[in-house]
Amino acid sequence: MKHQAIREQLLETVVKANEVGLIRLSAGNISIRTGKHLAAITPSRIKYHQMKVEDISIVDLEGHLIDGLTPSSETPMHTAIYRNLPDVGAICHTHSSFAITFAMLGEEIPPANLELFACGAPIPVAPWACPGTPKGGEVTVEIFRSRPDLKVVLLEKHGLVAIGRKLTHAYEMALNAEVGLRTYHQALMVGKPQPLTDAQLEEIKAAYGE
Ligand SMILES: [Zn+2]
């Protein structure tokens, strides 16, 4: 099988993401850049718990299928990010519960806890783009370009996109975002969470060398 190692790596992360509820059924999609002009991406309409290594789609960065099953309908967003942001090596797009919750509200998420800070909070909400259309790529690329430290963007009424140099980074950012948003939601239910102060942010940056 061609591209076996990258497909196995992607499927391993799909299984993990499915287990922790970041993706479910066939909603959400994950990809890795491979070589100069290709990406491996989860296929369209295959349930994650039934996905096999050979099902993983290999596409070029224009979205044309090279090998495997028909790629995710949201491939245009992934390929637009790879074409425009050369440092991005992997993308994790989730329809996870708390990402959708805050994506519906449409308000920027402050750095209210360390998980959100790790994602590059404040986390903006990209304007509505119908899934599967090129607009999803345009709105996310524009935001990531203007915010080089940002790892996560919410997609209005849809979910989130997490990026990373490697697949582990993108996956961990999607998970950080979901935990950060869930706990932020819990705090909103019982009180008024305060964002990390500028002094606290400086302390964290000094401690972690950022
Ligand atoms: Zn989606």
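β2 and β3 are paired antiparallel strands, joined by four bridges, and they belong to a model that is predicted.

Q: What makes β2 and β3 count as a pair?
A: Two strands pair if there are at least two bridges between them, and β2 and β3 have four, running in the antiparallel sense.

Q: How do you know that the span of helix α1 agrees with its number of residues?
A: Helix α1 covers residues 4-19, and at 1.5 Å a residue its 16 residues should span 22 Å; the C-alpha atoms at its ends are 23 Å apart, which agrees with that expectation. After the helix comes G21, whose phi is positive, near 80°.

Q: Which residues of α1 are called buried, and what covers them?
A: The buried residues of α1 are I6, R7, L10, L11, T13, V14 and A17, a label that requires under 20% relative accessible area. They lie on the same side of α1, because the arc they cover around the axis is only 165°. Their cover includes the strands β1, β2, β3 and β4, together with helix α6 (167-190). On the face turned away from this buried side, α1 carries A5, E12 and E19, which are exposed.

Q: What makes E74, H93, H95 and H158 donor residues of the zinc ion?
A: A donor atom must be N, O or S within 2.8 Å of the metal, and the coordinating atoms, which are OE atoms of E74 and the NE2 atoms of H93, H95 and H158, are at 2.0 to 2.5 Å, so they qualify. Along the sequence the donor residues follow the spacing E-x18-H-x1-H-x62-H. Distant parts of the chain are linked in this way, since H93 sits in strand β5 and H158 in the loop between β7 and β8, 65 residues apart.

Q: Why are H93 and H158 called buried?
A: The label requires a relative accessibility under 20%; H93 is at 0% and therefore counts as buried, and H158, at 7%, therefore counts as buried too.

Technical notes. Residues numbered from 1 in each chain as written. Predicted model: local features only at pLDDT ≥ 70, side-chain atom pairs only at ≥ 80, totals over all residues. Heavy atoms only, no water. Helix = DSSP H or I, 4+ residues; strand = E, 2+ residues; numbered from the N terminus. Expected span 1.5 Å × (residues − 1). Buried < 20%, exposed > 50% of the residue type's maximum accessible area, 1.4 Å probe, protein only. Arc of directions from axis to C-beta. Contact = heavy atoms within 4.5 Å. Donors = N, O, S within 2.8 Å, 3.2 Å for Na, K, Ca; no water.
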